Amino acid sequence: MQSLRELYKIGIGPSSSHTIGPEKIAEFVLEKYPDCEFKVALYGSLCYTGKGHGTDRVLKKVLGENTEIIFDNSVSAKDLPHPNTMDVLVYKDGKQINKVRACSVGGGSIKIDGVEFVESDGIYKHDKFSEIKDYVIEKGIRICDYVYQTEPDIKEYLKRVWSVMKDCVERGLKKSGTLPGGLNVAKKAKFIFESTDIFVRDSLLRNKLTCAYALAVAEENADNGTIVTAPTCGAAGVLPAVLYYAYKNEHVYEDLIIDALATAGLIGNIVKTNASISGAECGCQAEIGTACSMAAAGIGEIYSLSVDQIECAAEVAMEHNLGLTCDPVLGLVQVPCIERNTMAAMRAFDSFCVAYYLAPMRKIPFDVIVKTMYETGKDLNQKYLETARGGIAKNYKIY
């Protein structure tokens, strides 16, 4: 598995697969071929939802405003190495001198044909939760300690990650108006946060605040704000919401928040390594489901759950997101994406509670649910894999 730096990426929304990834591909090509002109062909999900996600905008920003962007829907998904595939055609003096094929594989990570180690090499000696669990139990350490042993300098980066997450929540809570893109979706975080509480039960107040925090980040993402992929832009509101609630409302020390980020990051890394965090490849279960597992594990770390309980929390969170489709209306990361962040944040707390009591009686290991999610994603119809051709995206009408 790679460094947590490759999972927690700080960047501009709204989509890690459709903006952050293509931007990195374009920067790589521009560095290799300076003083050239380019034409870009987008396939699969990049073709179908690239306009709504701003793929063409970010490519032109890097490669030049005169770059021709072709949204090519003539290539079948089964003929592509990944649903987020693109070709960059390189021209010099009017003649094509090369073609670079690249894929944006989720969470801002990329693969480029013929190029090895565009990102960091794997540094973790284990890539399954079962292996990590055996190791930490044998050594008598926590999951976050395993992360610190593997990446001795990661704490400083996680502090920066937490700072960006925290700022994002607080920015989003202050904003009103509508989101760009044509759907006229209202920003709701400020409204919910400032609304009068009619319920006094702690659990209901927690839900209200968690929803507001998740909305704040998801709306910032949709508004092209700076966020942290956790594990993606589209699911970036889940983990910050639960961590900010713990920090702000349960008065958890920031050192413990950093430990939670480490544990949550390892969970996300396991999914990314053994399955997928790409909505275009495995549906929203790969994004929101993974984010929910990360958040549930992070809460478990904060409250000192055992490694078995943390595994159970992550497994329950993923299990009950299985089959979740990716069907963004107009290709925007707004409907149903934003509200899904709120639901997953609340579900993370519920998964933590279930795991606290039922971990000794559970049946399904986390590694099994990760494999199941990947297989489920591969079985989903292409209409439900970030193409905006099925589900809510197909049936939605602007009333």
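A nonpolar core here is a set of buried Ala, Val, Leu, Ile, Met, Phe, Trp, Tyr and Cys residues joined through side-chain atoms within 4.5 Å; buried means under 20% relative accessible area (1.4 Å probe, protein chains only). The model is predicted: local features need pLDDT of at least 70, side-chain atom pairs count only at pLDDT 80 or more, and totals for chains, interfaces and linings use all residues. Residues are numbered from 1 along each chain as its sequence is written, and side-chain values use heavy atoms, without hydrogens and water.

**View 1. The largest nonpolar core holds 101 residues.** Tyr8, Met165, Leu239, Val242, Leu243, Leu261 and Phe366 touch the most other members. Helix 12 (residues 284-302) supplies the largest share, 11 residues; helices are DSSP runs of H or I, at least four residues, numbered from the N terminus. A second, separate core has 21 residues, including Val29 and Val62.

**View 2. The largest cavity has a volume of about 170 Å³.** A cavity is a set of points on a 1 Å grid over the protein atoms alone where a 1.4 Å probe fits but cannot get out; lining residues have an atom within 4 Å of a point. Volume is the space filled by probe spheres set on the points, which are joined across faces, edges and corners. Of 20 lining residues, Gly234, Glu287, Val333, Cys337 and Glu386 lie nearest the centre. Helix 12 gives the most, 3 residues.

**View 3. The second largest cavity has a volume of about 30 Å³.** Its lining residues include Val242, Leu243, Ile299 and Phe349. Helix 9 (238-249) and helix 12 each give two or more residues. Helix 9 provides the largest share, 4 residues.

Technical notes
Buried means under 20% relative accessible area, exposed over 50%, partly exposed in between (1.4 Å probe, protein chains only). On a 1 Å grid over the protein atoms alone, a cavity is a set of points where a 1.4 Å probe fits but cannot get out, and a pocket is an open set with protein on both sides within 12 Å along at least five of seven lines; lining residues have an atom within 4 Å of a point.
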